[in-house]
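This report covers selected secondary-structure elements and charged side chains of one protein model. Please look over the sequence and the coordinates before reading on.

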Amino acid sequence: MTAQILELSMPRTSAAEWWRGAVIYQVYPRSFADTNGDGIGDLPGVTRHLDHIASLGVDAIWLSPFFTSPMKDFGYDVADHCDVDPIFGTLADFDRLIEKAHGLGLKVITDLVFAHTSDQHGWFRESRRSRSGPKADWYVWADPRPDGSPPNNWQSVFSGPAWTWDARRGQYYMHNFLPEQPQLNLHNLQVQDALLDAARFWLDRGVDGFRLDAINFTMHDPGLRDNPPLPPGGKRTRPFDFQDKLHNQSQPGIAAFLSRIRALTDSYGGRFTVAEVGGDHSEREMKAFTEGDDHLNSAYGFLYLYAPALGAAQVREGAEAWQGRAGQGWPSWTFSNHDAPRAISRWAEGRDLTAYAEMAMLLLMTLRGNVFIYQGEELALPQADVPFERLVDPEAIANWPQTLGRDGARTPMPWKADQPQAGFSSAEPWLPIDPRHIGLAVDRQERDPASILHTTRRLIALRKAHPALMMGDMTLLDGTGDLLCFERVWRGERLVCVFNLGHHPAPWSLPVGLRVIESVNLSAPPHGMLPPMAGLVLSGGPG
């Protein structure tokens, strides 16, 4: 059932808040499009395909890191915050990308990686030379225990202690991730100033905002106290999973640093900041980092990103946590990204992947907050199968086979089904293309009016046409089992959203006085039963 989209005037509070309710498309440049034949995506490849992104109707793109880096963690180990790594191109290439994006009406958001740098960064090279140099305390250094062991029990995300011995200083340095990603000491205001200068560099080049990577890892407990253990239970594949990370992250001083970032971005006008916040206390931290008008604009956590299944309870949890009370920040939601296995592979549970993708896309477009689409989500790409010998993700290799790792979500974007490497590159790509992705290539889906690509465009247009979906309150309605029902209300508009998240038909009938304005996986108005994976948006008149 295809429904008419009604145009309504959009209730933007100001041009500076273009981001409120926005749809943002994440680009992982390394896997988007390769223009120089080295098998690795680059900035000119992003620029070449900006028309595809703009055609979806999104408001902005978020670019994952393209900064100078030895690529131990594929760009999240930054060696120079103010330059482009040669594998991605040049600063001139970035400037051309910005110019074309803005010409298409797209805002551009880039990553800020402020918790750590590469061990090849000039700051760290200077810091490790001696204990008395000008940058001696720009990183987190500590003496060993009397027996020579690390200063405390902190564990790194990628397994093993969060400390590595450095003979030059005769001390350990801290790293929450890889040993090649030493932890910055943001208790030092000089470090904060240097990072703000890096942000200013990109603002001056025209970026419209920042996604702040792992922001709750930016400060540590100066007393280096041991972390306590977590209560038993839950899946644990790494030593990191056994601890309550009270002291190596989530420190009270982070909020004051975020206020400095907000003051900087506000001084440029119309800029957007969104924090990535994971971990055991993410909801609490997301709220603290976005509270009031002097912290970040938004934050996203992992309510959906690593969930093995999708249920009404998750949606209820998100709606109740971000109900819109006075002073509360604005949430952002994403089902997939470069760090998590693709959502439809986690959630479909044997059901048709394309049908599930349509339902998931409609659900995403009806949530309160900003929404992020990860490249390939508009094509219903499943998690790629990457054989062990082709893995490059250090987390996947270290924890094989207990975790899927990140490589399967990072394989190249398929553009043209009948071209070598699906039109991504003229060379063998850095990660293999899953054969299942070739038939889902952009050119094939463009020719099929019933494809998920065209459905995605329609659903984004639906969101942008209805103020209630972009800005409205969200209230969960009564639903049983796998039936999810909620309403979105903004001023004179009320919409009711209904989804059957389960495997079997669910009892439900179209309420009197409501009419269907959009639906997926439904050929006719339901009478008594709602098919599995069906989703509807109903107009209910004045709210």
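Is Lys 100 buried, exposed or partly exposed? Lys 100 is partly exposed, with a relative accessible area of 28%; buried means under 20% relative accessible area, exposed over 50%, and partly exposed in between, with a 1.4 Å probe and protein chains only.

The model is predicted, so local features need pLDDT of at least 70 and side-chain atom pairs count only at pLDDT 80 or more, while totals for chains, interfaces and linings use all residues. Residues are numbered from 1 along each chain as its sequence is written, and side-chain values use heavy atoms, with hydrogens and water left out.

**Salt bridges**

The structure holds 34 salt bridges, each being a side-chain nitrogen of Lys or Arg within 4 Å of a carboxyl oxygen of Asp or Glu. Three of them are listed here with the distance between N and O.

| Pair | N to O distance |
|---|---|
| Lys 100 and Asp 51 | 3.0 Å |
| Asp 111 and Arg 211 | 2.7 Å |
| Glu 283 and Lys 287 | 3.3 Å |

Lys 100 forms its salt bridge with Asp 51. Because Lys 100 lies in helix H3 (residues 91-103) and Asp 51 in helix H2 (residues 50-55), this pair ties together parts that are 49 residues apart in sequence. Helices (H or I, at least four residues) and strands (E, at least two) are DSSP runs, numbered from the N terminus. Asp 51 is partly exposed, at a relative accessible area of 41%.

The side chains of Asp 111 and Arg 211 also meet in a salt bridge. Asp 111 belongs to strand E5 (residues 107-112) and Arg 211 to strand E9 (residues 209-212), so the pair links parts 100 residues apart in sequence. Asp 111 is buried at 0% relative accessible area, and Arg 211 counts as buried at 0%.

Glu 283 and Lys 287 form a salt bridge within helix H7 (residues 282-290), where they are four residues apart and separated by about one helical turn. Glu 283 counts as partly exposed, at 33% relative accessibility. Elsewhere, salt bridges that share partners join Asp 73, Asp 339, Asp 393, Arg 406 and Arg 410 into one network.

**A buried charge without a salt bridge**

Glu 493 is placed in strand E16 (residues 493-500). Glu 493 is buried yet has no salt bridge, and the nearest side chain of opposite charge, Arg 515, is 8.3 Å away. Lys and Arg count as positive and Asp and Glu as negative; His and the chain ends are not counted. The side chains of Glu 493 and His 466 are joined by a polar contact of 2.5 Å, that is, a pair of N or O atoms within 3.5 Å; within protein, one must be able to donate a hydrogen and the other to accept it, and residues adjacent in sequence count only if both atoms are side-chain atoms.

**Strand E1**

Five of the five residues of strand E1 (residues 23-27) are buried, so E1 is largely enclosed by the rest of the structure. One side carries Val 23, Tyr 25 and Val 27, the other Ile 24 and Gln 26. E1 pairs in the parallel sense with strand E13 (residues 370-374) over four bridges; two strands pair if DSSP finds at least two bridges between them. Gln 26 stands opposite Tyr 374 in E13. E1 also pairs in the parallel sense with strand E2 (residues 60-63), over four bridges, and Leu 63 in E2 is the bridge partner of Val 27.
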